[in-house]
Amino acid sequence: MKKILSVAELQNSEWPKLFEETLGDNLVSAFVHGDCLMEGFYALEAPWTISFILKSNSVEDLLPLQKLTQRAKRDNIQFNHMFSRFEIKSSQDVFPLEFLHIKSKNVTLCGEMPLADFSPNLAELRVECERELRGLLVHLRRAFLYIKEDRHPHGIYLRSLPTLLPLLYGVYFLVTGNYPENHEQVYTMFPDVRIPDASRYKSDFLNDVNKYIEAVTTIVNQVDAMKV
């Protein structure tokens, strides 16, 4: 089966109508979001991420969607979140960063635009960013202790980036009031977290890792000191 290679192909595929027919009146919104809308996404290697807002997301009401999972897998589609309207309203204080990402970077396939009226509470966003960044630092320092046992030492960067970049998008929003247009804007604000040139991994690797961890520590301290 031919894989869907672009957002436009996904919008023009059978899937929007299929969601409407399968979920009926329970469907509020079906939308694409996440890494598949970021630069560097390659549809031949990673799936399209689709989430839903439903009037009810009880197990019983998810059964129709469950019947589509194998078909979706064949088309390189992965179902992610199944929110209810109540959950979105009641958990904005817990997941302000995740909701900011969804609102700022999505493509609606059918139904209404997700989180159109959402605006994160800055104090709650600051707390989530700090908490997650501090957790990342714990893992980075632990990874460094075992770096000599790692066949690919530069993995300390590559494994941490999927966690770090979304957090830095949140910090960028806290600083500027705007959601970044791309990774380059984030790296311009936080240049020391950019992955070093691969040729330096052996020549000055220890120094690069130290700078990387120190840069994340500096960002944590910056977020901790914010008055929002």
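1. A definition to begin with: a residue is called buried under 20% relative accessible area, exposed over 50%, and partly exposed in between, with a 1.4 Å probe and protein chains only. By that scale R85 is partly exposed, because its relative accessible area is 44%.

2. A word on the model, which is predicted: local features need pLDDT of at least 70, side-chain atom pairs count only at pLDDT 80 or more, and totals for chains, interfaces and linings use all residues. Numbering runs from 1 along each chain as its sequence is written, and side-chain values use heavy atoms, leaving out hydrogens and water.

3. Now to helix α9, residues 161-176. Helices here are DSSP runs of H or I with at least four residues, strands are runs of E with at least two, and both are numbered from the N terminus. The expected span of a helix is 1.5 Å times one less than its number of residues. For the 16 residues of α9 that gives 22 Å, and the end C-alpha atoms are 22 Å apart, so the two agree. Just after α9, G177 takes a positive phi of about 80°.

4. Which residues of α9 are buried? They are L161, L164, L165, L167, L168, Y169, G170, V171, Y172, F173 and L174. As a reminder for reading such a list, an α-helix has 3.6 residues a turn, so residues three or four places apart point the same way.

5. A nonpolar core is a set of buried Ala, Val, Leu, Ile, Met, Phe, Trp, Tyr and Cys residues joined through side-chain atoms within 4.5 Å. The largest has 44 residues, and L133, L140, L164, V171, V193, V216 and I219 touch the most other members. Two or more residues come from each of β1 (27-33), α6 (96-104), α7, α8 (155-158), α9, α10 (183-189) and α12. Of these, α9 gives the most, with nine residues.

6. Leaving aside residues up to four places away in sequence, V193 touches L164, L168, Y187, Y212, A215, V216 and I219, where contact means heavy atoms within 4.5 Å.

7. On to charges. A salt bridge is a side-chain nitrogen of Lys or Arg within 4 Å of a carboxyl oxygen of Asp or Glu, and the count by this rule is seven. One of them joins E14 and R71 at 2.8 Å, N to O. This pair links distant parts of the chain, 57 residues apart: E14 sits in the loop between α1 (7-11) and α2 (15-23), and R71 in helix α4 (residues 69-74). E14 is partly exposed at 39% relative accessibility, as is R71 at 33%.

8. R85 returns here, paired with E112 in a salt bridge of 3.3 Å, N to O. R85 lies in helix α5 (residues 85-90) and E112 in the loop between β4 (106-111) and α7 (122-145), 27 residues apart. E112 is partly exposed, with a relative accessible area of 39%.

9. R131 and E132 meet in a salt bridge too, at 3.6 Å, N to O. Elsewhere, salt bridges that share partners join R126, E130, R134 and D224 into one network.
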